[in-house]
Amino acid sequence: MSVEEKVRRIRRSKVLIGILLTIVSVVGIGFFYMSSTYQTVFSKGTRINGIDVSGMTVEQAERTVCSSAKDYQITLNFREDKTETIFGREIDYQYVNEYDVQEILDEQNSILWFWNRDNQDYHLQGEYSIDKLKKVVNQFPEMDRKNMVKPKDAAPVYEDGTFAIAPEVQGTTLKKKAAISYVGGALKECKESLDMEEMYQSPKVYSDDMTLNNQILNLNDLVGVKITYNLPNGSQEVLDGTKLVKWLSKDKHGNYVKKKAVWDKHMKQFVSKLANKVNTISKPRKFKTTKGKKITLAPSPYYGWKIDEEKELERLAKELKKRKDVERKPVYASKEVASLKNNYGFGKTYVEVDLTKQHLWVYVKGKKKLETDVVSGKNDPKHKTPAGAFTAYDKRQNKILRGERRNGRYEYETKVSYWIRLTPTGVGLHDASWRPRFGGNIWVAGGSHGCINLPASAAAQIYQLVSNGDPVIVYY
């Protein structure tokens with residue numbers, strides 16, 4: 001290599017070194033300039049409370065961010081897709097002091113500024129007036145107790161003859177105090193949206209609760225039966241699981257159990273209430289007289305519906321034990337001949353006696369077959385003929401009527417040809433051949449011992465027209 005060539009190479013090397021040193025110097029100066037710059041301003045992509053503060057100083061960022069507090073708002077999401085918005089200006093909302101902004105800048109690595117990533121999000125803590133917040137939130141319709149639906153536990157329900165689970169209802173009842181505190185926490189964190197789901201009261205029992213599901217199995221085994229009573233007025237009384245479940249007890253685990261003493265007590269009460277609802281005997285009742293007048297008859301224990309509670313109780317116990325659905329009538333000790341709509345329960349065949357007019361009518365299938373004057377019991381407390389509704393029974397011919405027995409002798413003994421009993425105490429209809437006249441006011445002073453005396457010819461006809469079980473209506 002010649003001397004000239006060596007000189008040229010040395011010169012080129014010096015030039016390259018110079019260029020390299022220049023580049024390094026420029027880069028170094030630029031690097032240190034940028035490092036120095038990012039000690040006082042925010043790097044690219046830095047956001048505070050959603051606001052881009054890239055290239056801003058602390059003062060600029062604080063002024064920009066804090067001035068935006070007046071535009072802050074948060075949306076509360078309630079159930080049923082309802083939303084409410086709180087505006088910062090309503091609650092004196094603001095961001096806390098500048099030191100928080102300075103701390104964000106201090107977190108930046110100014111030396112490694114070129115490693116800082118875009119989209120760095122920071123949040124300042126919010127402040128507000130708690131009193132104004134309460135006022136705003138409490139004005140929301142979702143916070144009004146009147147609009148809230150209470151949560152409901154899953155529970156047994158009786159449907160189509162069997163017990164099932166009625167699912168829980170979540171409702172819309174909010175825990176008001178906790179809800180305001182919850183919203184306050186979101187405001188401090190400067191959140192823009194808040195789901196209020198956690199602030200609702202919840203049911204205590206859900207459909208998948210094992211205890212509840214075991215109860216359903218137990219209930220269907222214990223009270224899965226339906227007894228339907230057809231009542232005289234055309235209505236029905238139904239005894240099913242909805243009532244029977246109340247006859248059960250619960251053990252210490254909350255399961256339904258059948259305790260005999262408790263069960264039997266409820267069963268007896270049910271039959272008693274049913275009887276009280278159905279029985280018409282010994283109660284005032286209506287009647288339309290021959291003259292077309294509607295009257296109220298005196299209570300009488302001799303005619304009307306009456307459930308035989310003892311026998312009904314026995315039958316019901318057997319049916320519940322078999323657990324088979326049944327539709328039937330109650331067990332009666334006494335019945336009426338017709339429905340309430342049919343002449344107030346007296347039907348079309350009956351005897352009517354007006355004691356004030358001392359007159360009697362016999363109706364058969366709605367047609368008047370006979371009428372006659374009568375003489376009833378003497379008008380004194382001992383002999384006065386009782387009024388009310390009665391049933392004809394114990395029909396006899398050639399009956400000997402006897403009074404009270406005193407000193408070995410009867411007060412009286414009288415033979416009659418035709419006898420129809422009305423009461424167990426001896427009041428009835430019979431002929432009185434010894435009387436020359438009937439009707440008028442004879443009964444007041446010269447009446448019978450309590451029976452209704454009939455002319456002989458009328459008594460014979462009445463005996464043929466009236467059957468055991470026919471109603472006899474007596475009134476004054």
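1. Strand E1 (residues 46–48) runs parallel to E6, joined by 3 bridges. Ile 48 has Tyr 122 as its bridge partner in E6. Two strands count as paired if DSSP finds at least two bridges between them.

2. A word on the basis. This is a predicted model, in which local features need pLDDT of at least 70 and side-chain atom pairs count only at pLDDT 80 or more, while totals for chains, interfaces and linings use all residues. Residues are numbered from 1 along each chain as its sequence is written, and side-chain values use heavy atoms, with hydrogens and water left out.

3. Now the overall picture. The protein has 11 helices and 30 strands. Helices (H or I, at least four residues) and strands (E, at least two) are DSSP runs, numbered from the N terminus. Of its 476 residues, 39% count as buried. Buried means under 20% relative accessible area, exposed over 50%, and partly exposed in between (1.4 Å probe, protein chains only). Among contacts with a separation of 6 or more, 63% join residues 24 or more positions apart. Contact means heavy atoms within 4.5 Å.

4. Another open sheet has 3 strands in the order E4-E3-E10, again with mixed pairing. Its edge strands are E4 (83–87) and E10 (193–195), each pairing on one side only. From one strand to the next, the twist averages 20 degrees. Axes are lines fitted to C-alpha atoms, for helices over the stretch in contact, and angles run from 0 to 180 degrees between N-to-C directions.

5. E3 (residues 73–77) and E10 run parallel, joined by 3 bridges. Asn 77 has Asp 195 as its bridge partner in E10. Helix H5 (residues 176–188) packs on this sheet and touches E3, E4 and E10. The direction of H5 makes about 150 degrees with that of E10.

6. E3 and E4 pair in the antiparallel sense over 5 bridges. Gln 73 stands opposite Phe 87 in E4. The two strands E3 and E4 form a hairpin with 5 residues between them. In the turn, Glu 80 has a positive phi of about 65 degrees.

7. Side chains alternate along E4. Glu 84 and Ile 86 point to one face and are buried.

8. Next, the largest pocket. About 560 Å³ of space lies in the largest pocket. Of its 27 lining residues, Arg 402, Tyr 412, Gly 426, His 449 and Cys 451 are the closest to its centre. A pocket is an open set of points on a 1 Å grid over the protein atoms alone, where a 1.4 Å probe fits, with protein on both sides within 12 Å along at least five of seven lines; lining residues have an atom within 4 Å of a point. Grid points are joined across faces, edges and corners, and a volume is the space filled by probe spheres set on the points.

9. E24 gives the largest share of that lining, 4 residues.
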